[in-house]
Amino acid sequence: MQASKPIIGITMGDAAGVGPEIILKSFEHDVVHDTSRSFVIGDASILERAKKFTGSTKTINRISHVSEANFEKEAIDCLDLNLLSDSLPIGQVSPEAGDAAFQYLAKAIDLANAKEIDAICTAPLNKEALQKGGHMYPGHTEILAELTGTKDYSMMLSAPNLKVIHVTTHVGIIDAINMITPERVFYVIQLAHDTLLKAGIEEPKIAVCGINPHAGENGLFGYGEEEEKVIPAVEKAKAMGINVQGPLPADTLFFRTVRGDFDIVVAMYHDQGHAPVKVLGLEAGVNITVGLPIIRTSVDHGTAFDIAGTGIADEKSLVEALRQAVELAPKNQ
């Protein structure tokens with residue numbers, strides 16, 4: 001029944017990028033309408049413009065409140081914040097678009113906190129535009145954490161046969177190593193365990209990456225980071241009954257995980273975790289922020305300014321992000 005479908009707010013992201021296009025193309029997939037009550041938080045005029053690129057024949061239904069949404073298959077409901085003109089340049093960094101992307105997300109967070117929506121699904125924003133628009137955040141994750149008052153959280157990437165959760169993300173490599181502590185590693189192991197339990201995996205098998213090549217190889221590489229920062233966390237998790245192994249060499253660990261040896265990898269820093277997922281295909285990955293009081297999923301690709309306005313952007317990652325938002329959302333009564 002319609003009433004049992006979760007309500008998903010899709011934020012438009014940076015309107016100068018491919019977000020509006022992949023949103024329109026996603027609504028062409030029956031699964032989006034059949035499994036959710038999804039609507040867009042953004043600018044209706046930008047969606048109207050993007051129809052020209054995608055060939056979409058959907059009617060854009062402008063609304064000012066979630067309660068006005070019809071969730072009809074032939075239309076796309078848009079909570080119209082009316083922040084941008086359809087003359088916004090396409091494929092360029094724009095402070096106006098960066099500010100608007102922030103405002104779309106802030107509105108979605110307000111709606112989620114008020115229980116008016118069950119989950120947020122985000123189209124990509126551009127970090128340079130975001131900051132030029134006056135919002136000094138590295139990305140979506142940090143905005144979500146601050147606006148929900150969340151201190152401890154992590155980014156999880158999910159692709160077919162591979163899930164990766166991160167100890168650190170949007171910081172330089174030297175800062176990342178300094179930020180890795182036994183407490184943080186243990187928290188992320190526990191978060192991975194609890195997240196997979198909620199997803200229906202009874203005894204999640206967790207693998208933890210080393211920091212150095214070959215996981216330090218007993219002190220041969222590095223300055224004892226594995227012994228100081230990783231091993232105490234792994235031993236503590238094992239003592240609590242969590243099925244975890246590590247630190248393990250990252251150069252073979254992701255292959256082993258795709259093969260089925262583990263359910264999730266704990267990566268120490270951004271590229272260690274992101275690169276293997278993206279090798280599987282940009283259309284395959286979904287970004288999930290875990291540890292928040294609300295559900296948020298996202299595409300795992302950027303604004304793709306180089307192809308914005310051409311209509312060729314692939315919507316599969318957004319469709320998968322919507323599917324996972326439905327899966328993770330609390331069930332309506």
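**Figure 1. The second largest pocket of the predicted model**. The second largest pocket has about 340 Å³ of volume. Its lining is made up of 20 residues, and those nearest the centre are Lys127, His170, Asn287, Val299 and His301. Two or more lining residues come from each of α6 (140–147), α11 (270–279) and β12 (296–299). By class, the lining of this pocket holds twelve polar, four nonpolar and four charged residues.

**Figure 2. The largest pocket**. The space in the largest pocket amounts to about 680 Å³. It is lined by 30 residues, with Thr195, Lys198, Val290, Ile295 and Leu328 closest to the centre. β6 (154–159), α8 (182–198), β11 (286–290) and α12 (316–328) are the elements that each supply two or more residues to this lining. Which element gives the largest share of the lining? That element is α8, with seven residues. The lining of the largest pocket contains 16 nonpolar residues, eight charged residues and six polar residues.

**Figure 3. Thr289 and its contacts**. Thr289 sits in strand β11, one of the elements that give two or more residues to the lining of the largest pocket. Is Thr289 buried or exposed? Its relative accessibility is 4%, so Thr289 counts as buried. The side chain of Thr289 makes a polar contact of 2.8 Å with the side chain of Arg296. Leaving aside residues up to four places away in sequence, Thr289 touches Thr141, Leu144, Ser154 and Arg296.

**Figure 4. The largest cavity**. Three cavities of 30 Å³ or more are present in the structure. The largest cavity has a volume of about 110 Å³. Of the 13 residues that line the largest cavity, Phe27, His33, Ser38, Phe71 and Glu72 lie nearest its centre. The elements that contribute two or more lining residues are α2 (30–35), β2 (37–42) and β4 (75–80). The lining of the largest cavity divides into five charged, four polar and four nonpolar residues.

**Figure 5. The second largest cavity**. The second largest cavity holds about 50 Å³ of space. Its lining consists of Ala15, Gly17, Pro20, Glu21, Ile46, Arg49, Ala50, Phe53, Ile90 and Gly309. Two or more of the lining residues come from each of α1 (19–26) and α3 (44–54). The most is given by α3, with four residues. Six residues of the lining of the second largest cavity are nonpolar, two are polar and two are charged.

**Figure 6. Glu315 and its contacts**. Glu315 belongs to the loop between β12 and α12. With a relative accessibility of 14%, Glu315 counts as buried. Its side chain is in polar contact with the side chain of His29, at 2.7 Å. Apart from residues up to four places away in sequence, Glu315 touches Ile22, Lys25, Ser26 and His29.

**Figure 7. The salt bridge between Asp30 and Lys73**. The whole structure contains twelve salt bridges. One of them joins the side chains of Asp30 and Lys73, at 3.5 Å from N to O. Asp30 is in helix α2 and Lys73 in the loop between β3 (59–63) and β4, so this pair, 43 residues apart, links distant parts of the chain. Asp30 is partly exposed, at 47% relative accessibility. Lys73 is also partly exposed, with a relative accessible area of 32%. A network of salt bridges links Asp30, Asp34 and Lys73.

Figure 8. Asp263 counts as partly exposed at 23% relative accessibility, and Lys205 is partly exposed at 30%. Arg256 is partly exposed, with 26% relative accessibility. For Asp261 the relative accessible area is 24%, again partly exposed.

Conventions. Residues numbered from 1 in each chain as written. Predicted model: local features only at pLDDT ≥ 70, side-chain atom pairs only at ≥ 80, totals over all residues. Heavy atoms only, no water. 1 Å grid on protein atoms, 1.4 Å probe; cavity = no way out; pocket = protein on both sides within 12 Å on 5 of 7 lines; lining within 4 Å. Points joined across faces, edges and corners; volume = space filled by probe spheres on them. Nonpolar A, V, L, I, M, F, W, Y, C, P; charged D, E, K, R; others polar. Buried < 20%, exposed > 50% of the residue type's maximum accessible area, 1.4 Å probe, protein only. Polar contact = N/O pair within 3.5 Å; in protein donor to acceptor, adjacent residues only side chain to side chain. Contact = heavy atoms within 4.5 Å. Salt bridge = Lys/Arg side-chain N within 4 Å of Asp/Glu carboxyl O.
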